[in-house]
Amino acid sequence: MSPLKHLLLATLLLVGVAIMIEAVILLPPEAEGLQPTVSTHLGESGVSNPVTAVLLNFRGYDTLLEILVLATALWAVLAVGGTAIVPRPQPTNSLLAALTACLVPILVLVAAYLLWIGASRPGGAFQAAALLTAGALLLDLSGYNPIRRLSVWWLRLLLLIGPAVFLGAALLCLRYGELLTYPAGYAKYWILTIEVACTVSIGFILLLLVLGGRPGEDATTERESVM
Amino acid sequence: MTTAQFFAIIAIGVIGVGLHALIIVPHLLRKLMALNIVGVGIFLFLIALASRTSSGEPDPVPQAMVLTGIVVSISATALMTALIRRYVALTGKTELPNRTDEAPSDDT
């Protein structure tokens, strides 16, 4: 890029930034937004954390589509041809093995806590899933690869259980009224079921996205050819 | 200037820096990082402006939107990384072809 073009680009960007800053300065210092509306209806949502209530009840379709976006991204990554991943050798470092054995159970415990506490405090399915993914990656990097030995049918089940349960719940709600409007009084159980299923699936989808394809590619193709 | 406005202005700066890098840098991985910086700026902008309520309890709707946005940005990043790897594997290049670069090679 020529210096003149660069100067032009910088000027344009600075003008844009200046306009946006001016817009922010002109904003009224206080704005209620939807906070009062959410507070009023929080009691009906089945959870006491307003963000969880918005995510899984008031705007549940956002979260449903979010899970589908994750799943679609994974399909796209697999379609682009995630490179085959060779299983790592078992670690010879005993310190690494001991540390992994210590950390992974703690990560699983904290993930379960985050999932449960999401109803009343910051936390929830995605945060718990991110921790599970971290634990699984730690296992994988240390050479313990139980996930790479899973059969392709187990993988499909674990990947799809979240989107399937969420979609199923959304459709089942049609029987009681509108799409994703949980029956009154039972919202808590619906949300919890969806969150648990989604945690499992999001965790696996994130893990496979990081690993860049199907785990144990060679073993999987072998199994499929057997079938 | 309130705290919310201060952080919103910082966020605009981050978006500007990210946009500049997205256009200027040729390396695809750096473009991806620049895109993520733009995303972080947008998230910060939404979170900052969500805290302007009189009750002191922030508006949960923008916060939920940011949470969803983070997931979408992770998906997009993973997909783009896979596409970049594929592109590098096919062409051996880490940059997209440039019109000014291509023109002379067509003549020769």
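Modeller: Gladly! Let us begin with what a helix is here: a DSSP run of H or I that covers at least four residues, with helices numbered from the N terminus. Read that way, chain A runs α-α-α-α-α-α-α-α-α along its sequence. Please keep in mind that this is a predicted model.

Colleague: How many helices and strands does chain A have?

Modeller: Nine helices and zero strands. As for the contacts in chain A with a separation of 6 or more, 73% come from residues 24 or more positions apart.

Colleague: What share of chain A counts as buried?

Modeller: Of its 227 residues, 41% do. The accessible surface of chain A is about 12,500 Å², and carbon and sulfur atoms account for 72% of that.

Colleague: Why is A:S142 called buried?

Modeller: Its relative accessible area is 3%.

Colleague: What makes the pair A:S142 and A:L138 a polar contact?

Modeller: A polar atom of the A:S142 side chain is 2.5 Å from the backbone oxygen of A:L138. The limit for such a pair is 3.5 Å, and 2.5 Å falls within that limit.

Colleague: Which backbone oxygen does the side chain of B:T77 reach?

Modeller: That of B:S73, at 2.6 Å. B:T77 belongs to helix α3 (residues 60-91) of chain B. Leaving aside residues up to four places away in sequence, B:T77 touches B:L32 and B:N36. B:T77 and B:R30 lie 47 residues apart in sequence, with 12 Å from C-alpha to C-alpha.

Colleague: How do you know that A:D62 and A:R59 form a salt bridge?

Modeller: Their closest N and O atoms are 3.0 Å apart. The cut-off is 4 Å between a side-chain nitrogen of Lys or Arg and a carboxyl oxygen of Asp or Glu, so the pair qualifies. Over all chains, the search finds one salt bridge.

Colleague: And is A:R59 buried, partly exposed or exposed?

Modeller: Partly exposed, because its relative accessible area is 28%, and that label covers values between 20% and 50%.

Colleague: Why does A:L103 count as partly exposed?

Modeller: It has 35% relative accessibility, which again lies between 20% and 50%. You will find A:L103 in helix α5 (residues 94-117) of chain A.

Colleague: Let us turn to the interface. How many residues of chain A and chain B are in contact?

Modeller: 37 residues of chain A are in contact with 35 residues of chain B. Between them about 3,500 Å² is buried, with 75% given by carbon and sulfur atoms. A:V24, A:Q35 and A:V80 supply 17% of what chain A buries there, more than any other three residues. Elements giving two or more residues to this side of chain A include α1 (3-26), α4 (60-80) and α8 (187-211).

Colleague: What about salt bridges and polar contacts across that interface?

Modeller: The rule finds zero salt bridges between chain A and chain B. There are 11 residue pairs in polar contact, with both residues at pLDDT 80 or more.

Terms used
Residues are numbered from 1 along each chain as its sequence is written. Chains are lettered from A and ligands numbered from 1 in the order in which they are written. This is a predicted model: local features need pLDDT of at least 70, side-chain atom pairs count only at pLDDT 80 or more; totals for chains, interfaces and linings use all residues. Side-chain values use heavy atoms; hydrogens and water are left out. Buried means under 20% relative accessible area, exposed over 50%, partly exposed in between (1.4 Å probe, protein chains only). Contact means heavy atoms within 4.5 Å. Buried area is the accessible area (1.4 Å probe) that two parts lose on being put together, summed over both. A polar contact is a pair of N or O atoms within 3.5 Å; within protein, one must be able to donate a hydrogen and the other to accept it, and residues adjacent in sequence count only if both atoms are side-chain atoms. Accessible areas come from the Shrake-Rupley method with a 1.4 Å probe; for residues, only the protein chains shown count as cover.
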